[in-house]
Amino acid sequence: MNIHERLKYLRENLNLTTRVFGATINMSGGAITNMEKGTRNITERTIRDICREYNVNSDWLINGIEPMFTDVTSDLEINDEVRQLAQQYSLLNDSDRELVKKMIDSLAEKSNSP
């Protein structure tokens with residue numbers, strides 16, 4: 001699999017349209033489509049933006065070296081369950097993150113009330 005195919009695989013793995021994926025890194029859906037097809041080069045800046053926005057391992061995107069995602073929780077002293085939740089949370093878009101925060105706040109209020 002080449003970098004263009006990995007880009008498409010990543011986007012599909014995140015269940016995003018080219019338009020939504022591109023918007024998060026200030027690109028058009030058409031530009032993403034062209035990169036996936038290999039008719040447009042993927043610049044170093046685009047790679048950095050993708051890796052930053054989606055916690056993607058640049059070695060995977062560029063060379064196919066696993067893992068696909070970076071472990072954003074590796075420096076934290078937490079158990080595996082919390083680490084997995086944090087990794088899944090990091091893949092959510094802003095509105096879904098806000099929804100999760102509200103749900104957690106609501107549950108915390110219920111557990112703290114007499």
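Predicted model: local features only at pLDDT ≥ 70, side-chain atom pairs only at ≥ 80, totals over all residues.
A residue counts as exposed when its relative accessible area is over 50%. Asn-15 has a relative accessible area of 70% and is therefore exposed. Asn-26 repeats the pattern in another loop, the one between H2 and H3. There too phi is positive, at about 60°, and Asn-26 is not a glycine. The relative accessibility of Asn-26 is 73%, so Asn-26 is also exposed.

Helix H1 spans residues 3-13. After the helix comes Asn-15, with its positive phi near 60°. The buried residues of H1 are Ile-3, His-4, Arg-6, Leu-7, Leu-10 and Arg-11. They lie on the same side of H1, because they cover an arc of only 160° around the axis. Their cover includes helix H2 (18-24), H3, H4 and H5.

Asn-13 also belongs to H1. Its relative accessible area is 41%, so Asn-13 is partly exposed. Leaving out residues up to four places away in sequence, Asn-13 touches Met-68 and Phe-69. Glu-77 is 64 residues from Asn-13 in sequence. The C-alpha to C-alpha separation of this pair is 28 Å.

The interior was examined next. In soluble globular proteins, nonpolar side chains tend to be buried together. The largest nonpolar core in the model holds 19 residues. Leu-10, Phe-21, Met-35, Ile-50, Val-56 and Leu-61 touch the most other members. Two or more core residues come from each of H1, helix H3 (29-37), helix H4 (44-54) and helix H5 (58-63). H4 gives the largest share, 4 residues.

Leu-61 links several parts of the sequence through its contacts. Neighbours within four places in sequence are set aside here. Leu-61 is then in contact with Ile-3, Arg-6 and Leu-7, and also with Ile-47, Ile-50, Cys-51 and Val-56.

The bond from Glu-66 to Pro-67 is cis, with omega near 5°. Pro-67 is placed in the loop between H5 and helix H6 (80-90).

Notes:
Residues numbered from 1 in each chain as written. Heavy atoms only, no water. Core = buried A, V, L, I, M, F, W, Y, C linked by side-chain atoms within 4.5 Å. Buried < 20%, exposed > 50% of the residue type's maximum accessible area, 1.4 Å probe, protein only. Contact = heavy atoms within 4.5 Å. Arc of directions from axis to C-beta.
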